[in-house]
Amino acid sequence: MSAEQRLFIGGEWVEPDGGHYEVINPASEETVGYAPEASRDQVYAAAAAAQDAFGTWSRTRPEERAAILDRAAGIMQANFVPYAELAQAESGATAGTARGMQVAVGVARFKRYARGALEPVEAALPPQINEAGPMGKAGVFGALTVRQPVGVVTCITSYNNPWANPAGKVAPALAMGNTVVVKPAPQDPLSVFRMAEALEEAGVPRGVVNVVTGSAPAVGEAAVDSPDVDMVSFTGSTGVGQRIGEVCGRSMKRQLMELGGKGAAVVFDDADLDSAVAGIGTTYAFYSGQICTAPTRVIAQRGIYDQLVEKLKGYIGFMKVGDPGEKGTIVGPVISAAHRDRVESYVELGKKEGATVVAGGERPDFERGFYVAPTLLADCTNDMRVVREEIFGPVVVVVPFDDEEEGIALANDSDYGLLDYVWSGDVAKAFRVARRLRAGGVGVNTIGRNMEAPFGGFKQSGVGRDVGSYALHAYSEMQSIVWPG
C-alpha cells in the first residue's frame with residue numbers, strides 16, 4: 001500500500017536519518033509499508049519548526065483556522081475508502097471499525113473543531129468594588145478571562161485508533177492556535193501521515209503541523225524533552241505516562257494524559273441482563289479488547305451472577321474471530337505478536353490465581369495473524385492480578401458481590417478510574433451508585449457516550465479532560481485581564 005514514508009518537518013517531506021522500519025499487518029503478518037526512523041535531532045528540528053510557526057499561527061483569525069480544519073475534513077472524507085483500507089491494514093481493525101470508528105470519527109473531529117475554532121475565548125467577570133487600602137485607591141475593577149494557546153504541543157498517540165485519537169488531539173490544538181509535533185504509535189503510524197497530507201493540501205502553514213516517527217523510545221523521549229515543547233498530550237499506558245509526567249515536571253510543561261483503564265461494570269440483581277451483556281460484550285468486538293474504556297471488570301450481584309456468566313458465555317459464541325477483511329468478522333487480531341503473548345500470559349496467570357476459564361483461553365487456529373480468543377474468567381476476586389491490571393485484550397473477568405456497599409467498594413478498589421458502568425432497573429439507585437464511583441465517566445445502563453461530555457480519568461487513568469469544548473480548554477492557558485472602571 002505504501003512505499004518508504006518520509007517525515008513531515010517544517011512543511012517539508014524529509015528523509016529520516018535512521019532509515020525505515022516495517023509496519024506489519026497484524027492479520028496477515030505482511031508488510032503494509034515502511035515508516036521513517038527519525039533521529040533525536042530531527043525531532044528537535046520538528047519542535048523548533050513548530051515554535052517558529054507558533055507566533056504567526058496563534059494570531060491568525062479564528063475564521064482562517066476554522067476554514068483550514070474544515071477543508072482538511074473534506075479532503076479526508078474524499079479519501080475515505082483508501083484511508084480506511086490503510087487503517088485496517090496497519091491496525092488489524094475490522095472493516096466496520098476502520099470506517100465507522102477510525103476514519104469517520106477522525107473526519108467528524110476535524111469538522112467539530114472547525115466549529116470549535118469559532119467558540120468565544122473571552123468571558124467577562126462581574127465587576128468588583130475594592131475599598132481603599134495598601135493596594136491603591138477605592139474603585140470598581142472589571143475583569144476578563146481570555147483563553148490563550150499554550151504553544152507547541154507534542155501529541156503522542158495510541159495504536160488502537162490511528163485516526164480518531166490523533167484527530168482528537170491535533171484538531172482542537174490547532175483550533176486554539178497551537179502548533180503541533182505529532183508522534184504516532186510505532187505499530188501503525190502511516191495513517192497519521194495521510195492526515196498530515198490532508199492538512200498540507202488544506203493550506204496549513206509550514207511548521208504548524210509536524211509528524212515524526214520511530215520504533216525506538218528515543219523519538220518519543222525527544223518529543224517530550226525538547227525545550228521548544230510547551231505541552232505534551234499523551235494517550236497510552238499508565239507506565240509510559242508516568243515517565244512522561246516526570247520529564248514534564250522538570251520544566252513545568254503542561255500535560256493532558258489519557259492513560260489505562262480497568263472499567264468496572266456493576267450489574268445489580270434488577271438489571272436488564274441482555275442490555276448488560278450486549279454492553280460488556282463489545283469489549284470483545286472493539287479493537288479486539290484493545291480499548292481503555294471497555295467494561296473489562298464485571299462486578300455482578302450474586303442473585304444474577306450465574307445467569308450473567310452464562311449469558312456472557314453465549315455472547316462470545318456469536319463473536320466470529322478471524323480475518324478483519326472478511327464479512328461477518330467481529331474480532332480481529334491484536335496489534336502484534338508481543339502483545340498477543342502478553343494477553344495470553346495474563347490468561348495463564350488467571351488460571352493459576354484460581355479463576356475459572358468459562359470461554360476462550362486457547363489460541364485460535366490460524367496460520368498467520370496475531371489472534372487471541374475472546375476469554376471469560378469467572379470466580380475472580382479483587383486481589384487477582386487479572387482483576388487489578390489492565391490486560392488490553394479480549395479478556396473479561398467477573399467478580400461477585402452481595403450488597404450495594406460491597407459493589408461500590410469493589411468497583412473503587414482499583415488503581416484506575418477512567419470509565420465505569422452501572423446496570424440496574426432502579427434508575428435512582430443507578431445514579432446514586434454512579435455518583436459514588438471514582439471514575440471520570442459513568443455509563444448508566446449504556447456503554448454509549450455523549451461526545452460533548454468531558455473525557456478523562458481519576459487516579460492513574462490520567463490527568464485533565466478533553467472531548468467537545470473541554471478539549472479546547474485543555475489546549476489553552478487561562479489569562480486574566482483586570483482594569484479600573
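**A hairpin and some aromatic pairs**

Ile24 has Thr31 in β4 as its bridge partner. This is a predicted model, in which local features need pLDDT of at least 70 and side-chain atom pairs count only at pLDDT 80 or more, while totals for chains, interfaces and linings use all residues. Residues are numbered from 1 along each chain as its sequence is written, and side-chain values use heavy atoms, with hydrogens and water left out.

Strand β3 (residues 20–24) pairs with strand β4 (residues 31–36) in the antiparallel sense, over five bridges. Two strands count as paired if DSSP finds at least two bridges between them; strands (E, at least two residues) and helices (H or I, at least four) are DSSP runs numbered from the N terminus. Six residues separate β3 and β4 in this hairpin, and in the turn Glu29 has a positive phi of about 65°.

Next come the aromatic rings. Rings of Phe, Tyr and Trp (its six-membered ring) pair if their centres lie within 6.5 Å; planes under 30 degrees apart count as stacked, over 60 as edge-to-face and the rest as tilted. The count by this rule is eight aromatic pairs. One of them is Tyr159 with Phe392, edge-to-face at 5.9 Å centre to centre and 85° between the planes. Tyr159 sits in the loop between β7 (152–156) and α5 (164–175), and Phe392 in the loop between α12 (385–388) and β16 (395–401), so the pair ties together parts that are 233 residues apart in sequence.

Tyr421 and Trp423 are stacked, because their ring centres are 6.1 Å apart and their planes at 20°. Tyr421 is buried at 3% relative accessibility, and Trp423 is buried at 1%. Elsewhere, ring pairs link Phe8, Trp13 and Phe193 into a cluster.

Conventions. Buried < 20%, exposed > 50% of the residue type's maximum accessible area, 1.4 Å probe, protein only.
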